[in-house]
Amino acid sequence: MKNKQWTISMVLVVVSIFLVALNMRPAVTAIGPLFTIMMESLHVSNTQMSLLTSIPVFCMGLFAPVAVPLQKKLGTKTAIMLLVVIVALANGLRFVEESYLLLVVTSFTAGFAIAIIGPILNAYIKRKFPNRFATVVGVYSFGIGTGATLSASLSVSFYNRFNQNWTVALGSWAALAVIALVVWSVVVRNEQGPSQIQGEKIQGAARNPWTSRRAWTILVYFGLQTSLFFSMMSWLSPMLQDKGFSLVAASSMLTCMSIVQMIGNILIPMLMEKWSNRITWLLTLGSLGIIGFILLWIGFGAMLWIAVFIIGIVLSGLFPIGLLLPLDEARNHEEANSWSSMVLSGGFMMSSIIPILIGYCYDLTGNHTFTYVIFIVLMLGIIGSTYRLKKNN
């Protein structure tokens with residue numbers, strides 16, 4: 001089976017998964033580098049700008065349960081094609097005009113599509129690559145990280161290149177979705193999988209994750225780590241500008257963090273195939289995260305670069321582990337889908353709160369003291385949920 005996985009057709013499937021994954025973050029993360037510029041252009045508050053991150057993240061949680069019925073009705077190939085088209089339209093509509101309302105609508109639309117793509121791809125990877133799913137999840141998370149990195153690093157460049165027009169900088173990301181749509185439609189076949197799924201059900205009835213304490217613990221962990229990711233992608237640049245950095249310098253540090261995260265997204269899952277203890281990885285990353293955020297708070301100069309590097313490593317490991325945990329628990333395809341849907345649903349809905357909270361605190365105080373405290377509390381929560389998972393082993 002292992003050899004069969006890496007035929008040319010299987011490699012092409014992995015490439016198509018990677019291309020779809022590229023589109024899972026730009027609709028959200030492209031806003032962070034241009035946060036201050038857009039806020040001034042649209043004449044809105046920090047809290048209102050934070051909604052542009054929180055709305056799609058909340059939608060990622062709210063609509064994740066739709067993945068199961070949609071996949072059953074349309075099949076994996078057609079469902080993903082439809083959802084990628086929606087992502088393309090959501091990004092493309094941002095070309096139209098400088099409108100806060102339009103940004104809210106497109107953020108909601110993109111969040112809806114991304115919410116459903118995640119659980120479908122998770123279950124598809126579990127079924128298609130049963131012996132190497134950690135590696136393929138690594139490629140998937142690498143694609144997500146790459147999309148976030150590209151949007152974080154190039155949005156300011158697009159803004160400067162196209163006469164300081166942020167609508168073009170945001171709308172340009174529709175091109176990624178068009179590429180993914182073409183490759184996915186050509187490479188991935190419509191699969192007839194009822195016999196396989198029925199065979200899995202014979203092994204035991206699917207467990208309901210909503211009644212499992214362990215599933216709830218994984219959900220809390222996933223919500224905390226996604227809170228960190230989206231808050232950092234939205235607020236790192238404004239936080240560094242608050243420390244006196246220029247837009248270009250702050251954007252460069254955000255890009256640095258994204259590149260480290262992108263590389264770690266694929267390296268850490270590969271390392272986990274050799275050293276597979278998720279708890280050890282989580283406790284190590286949690287401890288590093290505390291150090292990184294303290295340095296980001298009190299540091300200056302080179303210390304801030306070290307802090308950003310450490311945080312990039314931490315984020316790069318927390319996300320793929322969050323994807324793997326429900327798949328580790330799943331006994332069959334149906335559980336892989338239902339557990340992933342639950343974890344992504346609740347986790348993303350949790351994480352939509354933090355960016356708004358940060359924006360509200362900044363509007364209230366005029367500084368980022370509460371922001372640093374929130375990040376450290378989130379890291380402590382991740383360590384706490386890890387100990388809970390260890391206890392329930």
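**Close-up views of a predicted model**

Figure 1. Residues are numbered from 1 along each chain as its sequence is written, and side-chain values use heavy atoms, with hydrogens and water left out. Histidine 43 sits in the loop between helix 4 (35-42) and helix 5 (46-62). Helices are DSSP runs (H or I, at least four residues), numbered from the N terminus. The phi of histidine 43 is positive, about 60°, although the residue is not a glycine. Most residues other than glycine have a negative phi.

**Figure 2. Glutamine 164, in the loop between helix 9 and helix 10 (166-171).** Glutamine 164 is a residue other than glycine with a positive phi, near 50°. Its relative accessibility is 52%, so glutamine 164 counts as exposed.

**Figure 3. Helix 13 (residues 213-242) and its kink.** Helix 13 has 30 residues. From first C-alpha to last it reaches 41 Å, close to the 44 Å expected at 1.5 Å a residue. The expected span is 1.5 Å times one less than the number of residues. A kink of about 45° lies at tryptophan 235, shortly before proline 238. The bend is the angle between axes fitted to the seven residues ending at a residue and the seven starting there. Just after helix 13, glycine 244 takes a positive phi of about 110°.

**Figure 4. Threonine 29, a buried residue of helix 3 (residues 26-29).** Threonine 29 has 1% relative accessibility, so it counts as buried. Not counting residues up to four places away in sequence, threonine 29 touches Gly147, Ala148, Ser151, Phe229 and Met233. Contact means heavy atoms within 4.5 Å.

**Figure 5. Isoleucine 31, in the loop between helix 3 and helix 4.** Isoleucine 31 is buried, with a relative accessible area of 1%. Leaving aside neighbours within four places in sequence, isoleucine 31 contacts Met38, Met49, Leu52, Arg94 and Leu170. Serine 234 is 203 residues away from isoleucine 31 in sequence, yet their C-alpha atoms are 7.0 Å apart.

**Figure 6. The largest cavity, about 90 Å³ in volume.** A cavity is a set of points, on a 1 Å grid over the protein atoms alone, where a 1.4 Å probe fits but cannot get out; lining residues have an atom within 4 Å of a point. Grid points are joined across faces, edges and corners, and a volume is the space filled by probe spheres set on the points. The count comes to two cavities of 30 Å³ or more. The largest cavity is lined by Arg25, Ser141, Ile144, Gly145, Ala148, Gln225, Thr226, Phe229, Gln261, Asn265, Leu315 and Phe319. Helix 9 (133-161), helix 13, helix 14 (247-272) and helix 16 each give two or more residues to this lining. Helix 9 gives the largest share, four residues. The lining divides into five nonpolar, six polar and one charged. Here Ala, Val, Leu, Ile, Met, Phe, Trp, Tyr, Cys and Pro count as nonpolar, Asp, Glu, Lys and Arg as charged, and the others, Gly among them, as polar.

**Figure 7. The second largest cavity, about 40 Å³ in volume.** Its lining is Met24, Arg25, Gly118, Tyr140, Ile144, Phe319, Leu323, Leu344 and Phe348. The elements that give two or more residues to it are helix 9, helix 16 and helix 17 (333-351). Seven of the lining residues are nonpolar, one is polar and one is charged.

**Figure 8. Helix 16 (residues 302-329), mostly covered.** Helix 16 has 28 residues and reaches 42 Å from first C-alpha to last, close to the 40 Å expected at 1.5 Å a residue. Of those 28 residues, 20 are buried.

**Figure 9. Leucine 282, in helix 15 (residues 278-298).** Leucine 282 has 0% relative accessibility, so it counts as buried. Its contacts, leaving aside neighbours within four places in sequence, are Tyr221, Leu318, Ile321, Thr386 and Leu389. Leucine 282 and tyrosine 387 are 105 residues apart along the chain, and their C-alpha atoms are separated by 9.4 Å.

Notes: Predicted model: local features only at pLDDT ≥ 70, side-chain atom pairs only at ≥ 80, totals over all residues. Buried < 20%, exposed > 50% of the residue type's maximum accessible area, 1.4 Å probe, protein only. 1 Å grid on protein atoms, 1.4 Å probe; cavity = no way out; pocket = protein on both sides within 12 Å on 5 of 7 lines; lining within 4 Å.
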